[in-house]
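Subject: A structure for you to look at

Hi,

Here is the structure I promised to pass on. Have it open while you read, and I'll go through what turned up.

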Amino acid sequence: QAAAYVGAIFATMAADSAAPKPGTFAALVAEQTPGGVNEMVWKGQNEDGAYEALAHSLTSAHHRFVTGTIDPDLAPAAKRHKPAAA
């Protein structure tokens, strides 16, 4: 069931973002049912930093496409924030 739900979310996002206009994404967020499952998921993702992590990953990918190099400062958080050795 989870795979079907996640697949449906990504299919919907792909369809809704195929030809976005100014305000498209804000309108999609605004139409969420208050207190509904979709709102719960996107708020949880936001609180967990998922969108910030995705933006960071996409910035890293863009840097690689443009420069052909990997910037260590754009590594995933797990690699950037290694705990100090005791």
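Let's start with charges: the structure holds 1 salt bridge, meaning a side-chain nitrogen of Lys or Arg within 4 Å of a carboxyl oxygen of Asp or Glu. Before going on, some ground rules: this is a predicted model, where local features need pLDDT of at least 70, side-chain atom pairs count only at pLDDT 80 or more, and totals for chains, interfaces and linings use all residues. Residues are numbered from 1 along each chain as its sequence is written, and side-chain values use heavy atoms, with hydrogens and water left out.

**The salt bridge**

Which side chains meet in the salt bridge? They belong to Glu 39 and Lys 43, at 3.7 Å from N to O. Both sit in helix H3, and because they are 4 residues apart there, about one helical turn separates them. (Helices are DSSP runs of H or I with at least four residues, strands are runs of E with at least two, and both are numbered from the N terminus.) Glu 39 is buried, with a relative accessible area of 17%, while Lys 43 counts as partly exposed at 38%. Those words have cut-offs: buried is under 20% relative accessible area, exposed is over 50%, and partly exposed is in between, using a 1.4 Å probe and protein chains only.

**The pocket**

Next, the empty space. Rolling a probe the size of a water molecule over the atoms shows where such space is left. The largest pocket has a volume of about 800 Å³. A pocket here is an open set of points on a 1 Å grid over the protein atoms alone, where a 1.4 Å probe fits, with protein on both sides within 12 Å along at least five of seven lines; lining residues have an atom within 4 Å of a point. The volume is the space filled by probe spheres set on the points, which are joined across faces, edges and corners.

There are 20 lining residues, and the closest to the pocket's centre are Ile 9, Met 13, Gln 32, Trp 42 and Tyr 51. Helices H1 (2-16), H2 (24-30), H3 (37-47) and H4 (50-67) each supply at least two residues of the lining, with the largest share, 8 residues, coming from H1. By class, the lining has 13 nonpolar, 5 polar and 2 charged residues. Nonpolar covers Ala, Val, Leu, Ile, Met, Phe, Trp, Tyr, Cys and Pro, charged covers Asp, Glu, Lys and Arg, and the others, Gly among them, are polar.

**The nonpolar patch**

Now for the surface. Tyr 5, Val 6, Phe 10, Met 13, Val 37, Met 40 and Val 41 make a nonpolar patch of about 650 Å². To join such a patch, a residue needs over 30% relative accessible area and no salt bridge, with nonpolar side chains (Val, Leu, Ile, Met, Phe, Trp, Tyr) joined within 5 Å. H1 and H3 are the elements that give two or more residues to the patch, and the largest share, 4 residues, comes from H1. Met 40, in helix H3, is exposed at 55% relative accessible area. Val 6, in helix H1, is partly exposed at 41%.

**One last spot**

Is Ala 18 buried or exposed? Ala 18 is exposed, with a relative accessible area of 65%, and is found in the loop between H1 and H2.

Happy exploring!

Methods:
Patches are made of residues with over 30% relative accessible area and no salt bridge: like charges are joined within 9 Å, nonpolar side chains (Val, Leu, Ile, Met, Phe, Trp, Tyr) within 5 Å. Accessible areas come from the Shrake-Rupley method with a 1.4 Å probe; for residues, only the protein chains shown count as cover.
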